[in-house]
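Thanks for coming. Please look at the screen.

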Amino acid sequence: MDEQAAKIQVENVTYAYGEQEVLRDINVAVPDRAITVFLGPAGGGKTTLLRLINRLNDLVDNTRMTGRILLDGQDIYAPGISVSDLRRRVGMVFALPLPLPGTLRENVLYGPRLAGLRDRKRLDEIVERSLIRAALWDEVKDRLDDPANRLSGGQQQRLCIARSLALEPEVLLLDEPTSGLDPISTAKVEESLFQLKKDYTIVIVPHSVQQAARVADFAAFFLMGELVEQGPGKALFTSPQDKRTEDYITGRFG
Amino acid sequence: MNRYRQQRLGFALLTLVALIVVLPILAVILSVVVQGISAINWEFLTAMPRSGMKEGGIFPAIVGTLLLVLGTAVVCIPMGVGGAIYLSEYARDTWATRAIRLAIVNLAGIPSIVYGLFGLGLFVLFLQLGTSILAGSLTLAIMTLPVIISTAEEALRAVPVEFRTVSASLGGTRWQGIRNIVLPQALPGIITGVILGLLRAAGETAPILFTVAAFYLPRLPQSPFDQTMALPYHLYVISTQVPGMPLSVQYGTALVLLVLVLSMNVVATVVRSHFRRRRQW
């Protein structure tokens, strides 16, 4: 992949919680407007890398990081970077959907309101647009003022996606977004991902190899803190270069 | 003996223990009500004491206690909740914060007379506030702070960390997450701690002994720098210092204090359950 199209560039990143190194010298390039998959068995450092890309691990004490992460060529850990602005540009969806206290509408508008947006008409537009993009609008448009925790699990996760989209991020990070969902809800979430990749750079930690193969434009395989192999999704899943990658995607371990 | 019998025996013993715990409380309440109710009338609640407190009412003591609780609340709610927010949300785990926590836990265990002497030394004498409502409220506030800080910190920590992460991931600053998500969710627990602390302040005699309480002052305080009568101290005075005091007046005063404290408790419970219904986890 050529340098120009990379939205996110991870350069020589090594990361440790206390004494325990969870990422060793990682180099990944995430292409713009495509779905990139970080796959591998548990404990490989995928989630940690995801959380480094929008600096959520700033909230964790006693960690150590070397290397650089570039967003549009700019070091996101450089001094003077506004973490809040960065997180508005790089949204995150978590494994367990967690609606905030309040209604559906309040959930979607949490980010924009914190950013200082007050215009009611504009906020209404954001609610509608975000829910449509997360493929939830038709199911909930008549009950936007119901408590958000009354939704089903699958709906809650799409609400969380809509909540991230409300900030018009450039990048959307998803950490096993369908791990708690049934197959139908999973299909709906994947469906919305395919729609979203036209406008957003998406990085997803999938909850199964099958899901990885379904959605990946580009894939990176992590094993115990090391990046074993990366490349276009089709190539990595049909003709992996490394024996360990092959063993994993054919289900021999993990 | 088979295991079902053992279980029945266990249940019986536990029930007995529970009854033994509850009975003295009921006995106290009952005896205070029975012996004090005859003293309660409109005059008793709203009039100044007369003829060496043997006649008239206890109005200034009621007002004094309410003022002291109010003053204590004004000082220790913002400080206590603020301190709890700092400890739970901002402070890193260092030897300094560990020392602060240890100090708070230990402060909660200090006898109240020590607070009284401390208040006398710091507020009454050194800061020259004199024997006043201000000095008394500050002393009670210092005594109440550890209770409020530790219960509020616990309530804040009980809010799952994921709420903070979600708020941060949506571009919220740490304070925005606390203000919008964490604090509202922790409110029932914080209110509980505040009320428990204030209840203790309302009923204490020792801290106000040297800092504010007047032996016999049949008028209402005019400013925060005035002395005042207060229910617990008044009760102590009429029970031990005034010969020939009618028993019903003593019990009547105790009943008023009891009702005041219990009704605050009821308010706390109602407020707490109101907020808890809105909790999300």
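Start at A:Leu173, whose bridge partner in β8(A) is A:Val203. This is a predicted model, so keep that in mind throughout. How does the chain get from β7(A) to β8(A), and what is the hand of the crossover? The path goes through helix α7, residues 183-196 of chain A, and this β-α-β crossover is right-handed.

Now the other neighbour. Strand β6, residues 90-93 of chain A, is joined to β7(A) by four bridges, and this pair runs parallel too. Here A:Leu173 is the bridge partner of A:Met92.

Are the residues of β7(A) buried or exposed? Five of the five, residues 171-175, are buried. A:Val171, A:Leu173 and A:Asp175 point one way from the strand, while A:Leu172 and A:Leu174 point the other way. Both sets are buried, A:Asp175 included.

Last, the two chains. In the contact between them, 19 residues of chain B meet 18 residues of chain A. On the chain B side, the elements giving two or more residues are α7, 161-169, and α8, 174-203. Of these, α7(B) gives the most, with seven residues. Sorted by class, that side of chain B has six nonpolar, eight polar and five charged residues.

That is the end of my part.

Notes. Residues numbered from 1 in each chain as written. Chains lettered and ligands numbered in written order. Predicted model: local features only at pLDDT ≥ 70, side-chain atom pairs only at ≥ 80, totals over all residues. Buried ≥ 20, exposed ≤ 12 C-beta atoms within 10 Å, placed from the backbone. Pairing = 2+ DSSP bridges. Right-handed = clockwise from strand over helix to strand, strands pointing away. Contact = placed C-beta atoms within 7 Å. Nonpolar A, V, L, I, M, F, W, Y, C, P; charged D, E, K, R; others polar.
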